[in-house]
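Dear colleague,

Please find below the structure that I promised to hand over. My notes on its contents follow directly after it.

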Amino acid sequence: MRLLGLDPGLRFTGWGVIDVDGHRLRHIANGTLKSTSSRSIAERLLELHDGVLEILGRYSPGEAAVEETFVNKNPESTLKLGLARGAVLLAPAKQGLRVTEYAPNRVKKTVVGAGHANKDQVQIMVSKLLPEAVFDSADAADALAVAICHAHFAQSRHAFGETVGVSRLKQQSATGGYERAIQAALRKEMGQ
């Protein structure tokens, strides 16, 4: 099974591709997509989207995993991150791939063993789990961590059912809080 991990951001989006064979993980490739800060938001989102499409075409993963957005204190930063996530999520979804999202603490707990691990700890564990990986940024290391996390839960889901690794809150609700907030805003805008 070939997996693509993504760590979205408007300036830098990390990506990592791994192969999974039983309990063995093998690094295939990783990198960082960079959007041009002098361009408009729309052009930057297109750069990210096209970059992910190019990665999908080059490496042909079977599934993708993305780190969930955490709500930032700065609403403008949160919105920009949400836009970047949308551009990044759209590419594998458009290709018909299953796209799974993981909370940052879930990724850290799975890879490091502690949900509040720092970036250095994540990079060290990614290097131990994928010794041939050399990453150009913390974002690329985070994307590989997302792929490793997905490998762990994807195998469990195939063996034990679709809700393995999914929080109880998400199991109870087909749409998450972010999606419900968007739906409520759209209803309000349409006067419903």
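Predicted model: local features only at pLDDT ≥ 70, side-chain atom pairs only at ≥ 80, totals over all residues.

A crossing of two helices is called right-handed if the near helix is turned clockwise from the far one by less than a right angle, and left-handed if the turn is anticlockwise.

Helix α1 (residues 41-59) passes α2 in a right-handed crossing. The axes of α1 and helix α2 (residues 75-94) cross at roughly 35° and come within 8 Å of each other. On the α1 side, the contact is made by Ile41, Leu45, Leu48, His49, Val52, Leu53 and Leu56. These meet Lys80, Leu83, Ala84, Ala87, Val88, Leu90, Ala91 and Pro92 of α2.

The model contains an open sheet of 5 strands with mixed pairing, in the order β3-β2-β1-β4-β5. Its edge strands, which pair on one side only, are β3 (24-34) and β5 (98-102). On average, and with direction ignored, neighbouring strands are turned by 20° against each other. Strands β2 and β3 are joined by 10 bridges in the antiparallel sense, and glycine 16 has asparagine 30 in β3 as its bridge partner. Helix α1 lies across β1 (2-7), β2 and β3, and runs at about 150° to β3.

In soluble globular proteins, nonpolar side chains tend to be buried together. The largest nonpolar core here has 22 residues, of which Ile18, Val107, Val126, Leu130, Phe135 and Leu144 touch the most other members. Two or more residues each are given to this core by β2 (12-21), α3 (104-111), α4 (119-129) and α5 (138-160). Helix α5 supplies the largest share, 10 residues. Apart from this core lies another, of 20 residues, including Leu4, Val88, Ala91 and Leu97.

Which residues are in contact with leucine 144, leaving aside its neighbours within four places in sequence? They are Gly16, Val17, Ile18, His27, Ala29, Asn30, Val126, Leu130, Ala133 and Phe135.

A loop residue

Serine 60 lies in the loop between α1 and β4 (63-67). Although serine 60 is not a glycine, its phi is positive, at about 50°. The relative accessible area of serine 60 is 52%, and because exposed means over 50%, serine 60 counts as exposed.

With kind regards

Methods: Residues numbered from 1 in each chain as written. Heavy atoms only, no water. Axes fitted to C-alpha atoms, helices over the stretch in contact; angles between N-to-C directions. Helix = DSSP H or I, 4+ residues; strand = E, 2+ residues; numbered from the N terminus. Contact = heavy atoms within 4.5 Å. Core = buried A, V, L, I, M, F, W, Y, C linked by side-chain atoms within 4.5 Å. Buried < 20%, exposed > 50% of the residue type's maximum accessible area, 1.4 Å probe, protein only. Pairing = 2+ DSSP bridges.
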